[in-house]
Amino acid sequence: MILETFPSAEEFYKTYWGKKPFIVRGFIPDAAIDDLVDGDTMAGLALEDEVKSRIITNNPAGNDWSCEHGPFAEERFDDLGDRDWSLLVQNVEQYHTDTADLLQYFQFSPRWLIEDIMVSYSAPGGSVGPHTDSYHTFLVQGIGKRTWKISAEQINDDCYIDNPDMKVLQNGFEGEVFEVTSGDVIYMPPFFGHEGKTIEAAMTFSVGFLGPKLSDILSEYAHYLEENEALNKRYLGENLDAKSAAFSIAPKAQEAMRGDVLSCFQSDDFAKWMAAYFSTPAHDTIEGMEDEDNDLSYDALCKALQNGAALYRPEHVKLAITNASSGDYNLAAYGGSIIIGAAYSDLIAKLSAGKSITIEDIQEDMMKIIHTLYDHNIVTIIV
């Protein structure tokens with residue numbers, strides 16, 4: 001389970017993604033750990049109405065948990081004591097963009113599926129109990145030390161403690177225990193048992209990947225069709241025959257309706273919608289995102305680039321990219337999409353990789369697209 005190095009992208013998807021957990025020691029360098037959100041800032045975030053936060057307390061015996069939801073008053077932290085509690089804050093990459101830079105170490109992952117970076121600060125003894133998750137996650141150890149008990153296979157157990165706020169496995173699970181320190185990374189596939197316990201005050205950064213349910217895809221795309229009347233074809237009963245008389249929906253009619261449904265999912269409109277859907281922030285509380293300096297006009301941006309400025313995509317900006325049948329790209333961020341011509345594949349590659357874009361990278365007819373990206377906070381400027 002402990003690997004000497006991180007697997008290549010090919011090996012990761014072939015051997016581990018959704019199949020096996022693993023640990024890599026020291027994968028995140030100390031300098032990157034130092035830039036991540038600290039406990040005091042997390043506590044400050046937990047005071048805010050728009051931030052999703054929880055405090056979980058447990059007893060040393062590991063058989064009793066309680067969960068409180070924020071926002072919290074400052075005095076609550078004074079009452080927690082020195083042991084057996086954890087503060088969890090979701091969507092931290094949107095509120096502390098230096099923490100979002102952690103994502104650059106997971107470029108091989110399906111970044112379009114990222115839910116958020118959830119951060120926990122836990123006192124010695126702090127734990128959220130034995131549990132499984134329905135999503136993939138990388139558990140990055142920041143400061144401090146923890147032990148993690150990890151199962152060797154998926155667990156199909158829905159017997160939980162009597163607490164509606166927590167899905168703690170009542171019967172625990174069998175697994176091996178590992179100690180992790182700063183920079184260590186654990187990959188946890190869905191439904192594998194895991195239980196963390198804090199040895200010394202610790203922070204864990206959970207990079208989570210959560211796919212939608214089929215019902216979510218169907219309902220959200222249906223809403224998109226409803227807003228685009230030209231795409232929202234009505235069934236008119238074309239080519240019906242006597243077999244569909246009275247109350248019989250004959251196979252021919254079933255096939256016609258099934259064909260209409262399939263054709264709308266096989267269209268370029270579905271690819272465009274998909275990009276927009278997967279680029280939408282997982283939580284609708286992005287008001288706390290640091291403002292970008294996007295007040296340059298088209299001409300001023302051109303001049304700045306000619307004078308040596310560069311553009312780059314901040315890591316907290318989530319992109320989703322699909323291809324149209326024409327070869328063009330649907331590039332989406334914040335739930336809105338921009339069509340970028342097939343000739344600009346190098347630009348797409350740089351945006352995806354988070355590499356800087358300079359005047360040497362910009363073709364003359366590309367500037368309008370560049371300014372659109374800048375004006376929509378997809379890229380920001382370095383002077």
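Predicted model: local features only at pLDDT ≥ 70, side-chain atom pairs only at ≥ 80, totals over all residues.
## Overall make-up

The protein chain holds twelve helices and 17 strands, and its C-alpha atoms fill a box of roughly 70 × 70 × 45 Å when taken along the principal axes. Of the 383 residues in the protein chain, 45% are buried.

## Aromatic pairs around Phe-108

The count of aromatic pairs comes to 33. One of these joins Phe-6 and Phe-108, whose rings lie 5.1 Å apart from centre to centre with 50° between their planes, an arrangement that counts as tilted. Phe-6 lies in the loop between strand 1 (2-3) and helix 1 (9-16), while Phe-108 lies in the loop between helix 6 and strand 6, so the pair ties together parts that are 102 residues apart in sequence. Phe-6 has a relative accessible area of 14%, and it is buried because this value is under 20%.

Phe-108 also pairs with Phe-12, and because the ring centres are 5.1 Å apart and the planes stand at 75°, this pair is edge-to-face. Here too distant parts of the chain are linked, since Phe-12 belongs to helix 1 and Phe-108 to the loop between helix 6 and strand 6, 96 residues apart. Phe-12 counts as buried, with a relative accessibility of 0%.

## Salt bridges

Side chains of opposite charge can pair when their charged atoms come close. A search of the whole structure finds eight salt bridges, among them the one between Glu-68 and Arg-76, in which the closest N and O atoms are 2.6 Å apart. Glu-68 is partly exposed at 26% relative accessible area, and Arg-76 is partly exposed at 21%.

Another salt bridge brings together Glu-315 and Arg-111, at 2.9 Å from N to O. This pair links Glu-315, in the loop between strand 13 (310-312) and strand 14 (319-323), with Arg-111, in the loop between helix 6 and strand 6, 204 residues apart. Glu-315 is buried at 10% relative accessible area, and Arg-111 is buried at 14%. Salt bridges that share partners join Arg-111, Arg-313 and Glu-315 into one network.

One of its members, Asp-101, is found in the loop between helix 6 (97-100) and strand 6 (114-122), and with a relative accessibility of 32% Asp-101 counts as partly exposed.

Conventions: Residues numbered from 1 in each chain as written. Heavy atoms only, no water. Helix = DSSP H or I, 4+ residues; strand = E, 2+ residues; numbered from the N terminus. Buried < 20%, exposed > 50% of the residue type's maximum accessible area, 1.4 Å probe, protein only. Phe/Tyr/Trp six-rings, centres within 6.5 Å; stacked < 30°, edge-to-face > 60°. Salt bridge = Lys/Arg side-chain N within 4 Å of Asp/Glu carboxyl O.
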